[in-house]
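Open the model in your viewer and keep the selection tool at hand. This tour goes stop by stop.

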Amino acid sequence: MDPTRIPLIETVNLRKLFKLNGGAHLHAVDGINMKIYSGETIGVVGESGCGKSTLGRTILRLIEPTSGQILYNGTDITKFKSNKMRELRKDLQIIFQDPYASIDPRKSVVEVIAEYMFIHNVYPTTAATYNRAAELMDLVGLARRCANSYPHELDGGRRQRIGIARALSLNPKFIVCDEPVSALDVSIQAQILNLLMDLAEELDLTYMFVTHDLSVVKHISNKIMVMYLGKCVEMASSDELFKNPLHPYTKALISAIPEPDISKRDEEFVLIKGEISSPINVKPGCRFVARCDYASANCTGCDIELKEVSTGHFVACILCN
Amino acid sequence: MNSDTILEIKNLRVIYQTDLETVEAINGIDLKISKGKTLGLVGETGAGKTTTALSIMRLLPERVGKVLSGEINFAGHELLNLSPLEMRKVRGDKIAMVFQDPMTSLNPVMTVGEQIAEAIILHNPDLRAEEVEKRVENSLSMVGIMPSRKNEYSHQFSGGMKQRVVIAMAIVCEPELLIADEPTTALDVTIQAQVLMMIRELRDRLGTSMLMITHDLGIVAKICDEVAVMYAGEIIESGTVFDIFTSKRRHPYTQGLFDSIPSLDARTARLKPIQGLMPDPSDLPKGCYFSPRCKHCMEICTKQHPERVTEGTHTLLCHLYSSLSTEQKPKEED
């Protein structure tokens, strides 16, 4: 890739610590450096509590970062004032996880979709705005007869389509998809994944796809970042990551997926012991050390840096240094 | 009923009736679980999987949920004819259930030890207190929790640990049949792997028969011996796990489920989802219930409800295969 190309989104040592009672800090996002180029889909995977959703929201400044920088097209937006940020929000959008909770139950479908356009005064007349909302409904495969329905009348798949139409209404360039399919049944999940991929191609969108489901992330992303307790432990192209996972956590994560393949029935999972440890007042060192079979004294004490082991494949593990 | 069958359901029909509408939740299903085997009940939201489990447990919501017809035969007893008191003796002792969401199925103001002891005391009223404690500790260590944690409350446990507590409660009376309703859906994938392996090990050690309700075909491939696929309150395909995974003849719905899952091995450009949505169970389509979404829909499918076709252990409910073995209709068993 052209080294002079400016990434669409870049984070530099991005951190978000939540202050707790008694002066303790919860390390939700702890020094993330990532570059997202235009047209790419980057998947962020990890278990609940690893900070993946916080990362997505911090990049959009829906949560203010504690330190670090967020660059959009090379411009530092971390300190943008709210009026400037509001202008930028047209380009940066988000699709939320829970289609039941992220839509105002008292607005009809077309009102939900039109809301952002009214806020930003995109069209001079109300009629033009509703026209555009109807076009967006076509785009995401919602029948126009649903326009005046209320969200509770629709099923989860259709509701998620409303969320997608709303995110697209301002012609964004970058969309954070925060677990957009995890609340849906598999047949509906496949419909929504296809829709998102078609839209990316048609509208030249860049996604950051946050999910806990590895098979989904492999399907949709070009590049994958694996997070554990606020840190990136491994980052690679999605083919490389699944072919050649290097971090013990990534290996365990991939092996833990029950595959719908009868020939693998007797294959044992590579089980990792214990559960994700507390993200409060984390000590320096590898975050995974308590659950890792290969842990040694070298893993603690100072943070393990991400190292590029082969082109585009980064791992934070002393085994790979 | 064979002596090696633990549970047999025949032509079960269940509706949910309100003043406004009648929801046909289960429309004549037949199921059989052999002793020591695990049956996977697969399907999407609203297919009737949980209703099936609740019918077996006789826990359908009162007044609204009604069993219209059918038999549920468990180890020689007709469960539907038992009095509430008799059913209470079966529930938790002979048949136990693990619910989907461990966060809401534990009592927050009782210690987990007390909750596990509840079932033991109810079914063994004469047992001495020390003996009860011993069995509580024993079942906790079986699910991989330190017995010393029995005096803790559910909020002190993480999600995976809570689900282990719920499983400990279910197995403490060593039930003959364990019904697990999506036991790992609320858990992270590494924790899911731990819990699944534990369930498999316990099942093999105790020889428990199991009804595993899930929407995840990966779990079916790992855990189940037999599979029944449900759609709109019917079992549209059933057989051994090998029948479902390897047979060339599949119900179009089952095929659609497989095609909807992104593969980890192959790189596919597009998924091939099933078009449309599950039909409204208060207004089911004519003929085959899957016909409005089916790629292979023929004229007959919209008019006539398909008959069951059986090939060895593999049963399909689809017009596509009805010409195959008209003479091999499923034999009626006594």
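At what angle do helix α5 (residues 159–171) of chain B and helix α6 (residues 189–206) of chain B pack? Select both helices. This is a predicted model, and in it the two pack at an angle of about 15 degrees. Their axes are 10 Å apart. Angles under 35 degrees count as roughly parallel, so α5(B) is roughly parallel to α6(B). The crossing of the pair is right-handed.

Now show the side chains between them. From α5(B), pick Gly160(B), Arg164(B), Ile167(B) and Ile171(B). They meet a set of residues in α6(B) that includes Ile191(B), Gln194(B), Met198(B) and Leu206(B). Val195(B), Ile199(B) and Leu202(B) also belong to the α6(B) side. By class, the contact of α5(B) with α6(B) has eight nonpolar residues, two polar and one charged.

**Next stop: another helix pair**

Select helix α3 (residues 112–123) of chain B, then helix α4 (residues 129–142) of chain B. Here the axes cross at roughly 120 degrees and come within 9 Å. This crossing, of α3(B) and α4(B), is right-handed. On the α3(B) side, highlight Gly113(B), Ile116(B), Ala117(B), Ile120(B) and Ile121(B). Facing them in α4(B) are Val132(B), Arg135(B), Val136(B), Ser139(B) and Leu140(B). Seven residues of this contact are nonpolar, two are polar and one is charged.

**Next stop: a loop residue**

Go to Met103(B), in the loop between β6 (95–98) and α3 of chain B. Is Met103(B) buried or partly exposed? Its relative accessibility is 40%, so Met103(B) counts as partly exposed. Beyond its neighbours within four places in sequence, Met103(B) is in contact with Gly159(B) and Lys162(B). Met103(B) and His155(B) are 52 residues apart along the chain, yet their C-alpha atoms are separated by 8.6 Å.

**Next stop: chain A**

Select Thr54(A), in helix α1 (residues 52–59) of chain A. Thr54(A) counts as buried because its relative accessibility is 15%, and buried means under 20%. Leave out residues up to four places away in sequence, and Thr54(A) touches Lys16(A), Phe18(A), Ala28(A), Val29(A) and Ile63(A).

**Last stop: confidence**

Colour chain B by pLDDT. The mean for chain B is 90, and 95% of its residues reach 70 or more. Then select residues 325–334 of chain B, where the pLDDT is below 50. Beyond near neighbours in sequence, this stretch has eleven contacts in the model. For the complex, the predictor gives an ipTM of 0.83 and a pTM of 0.86.

Terms used:
Residues numbered from 1 in each chain as written. Chains lettered and ligands numbered in written order. Predicted model: local features only at pLDDT ≥ 70, side-chain atom pairs only at ≥ 80, totals over all residues. Heavy atoms only, no water. pLDDT = per-residue confidence, 0-100. Contact = heavy atoms within 4.5 Å. Axes fitted to C-alpha atoms, helices over the stretch in contact; angles between N-to-C directions. Helix = DSSP H or I, 4+ residues; strand = E, 2+ residues; numbered from the N terminus. Parallel < 35°, antiparallel > 145°, perpendicular 65-115°, else oblique. Left-handed = near helix turned anticlockwise from the far one by under 90°. Nonpolar A, V, L, I, M, F, W, Y, C, P; charged D, E, K, R; others polar. Buried < 20%, exposed > 50% of the residue type's maximum accessible area, 1.4 Å probe, protein only.
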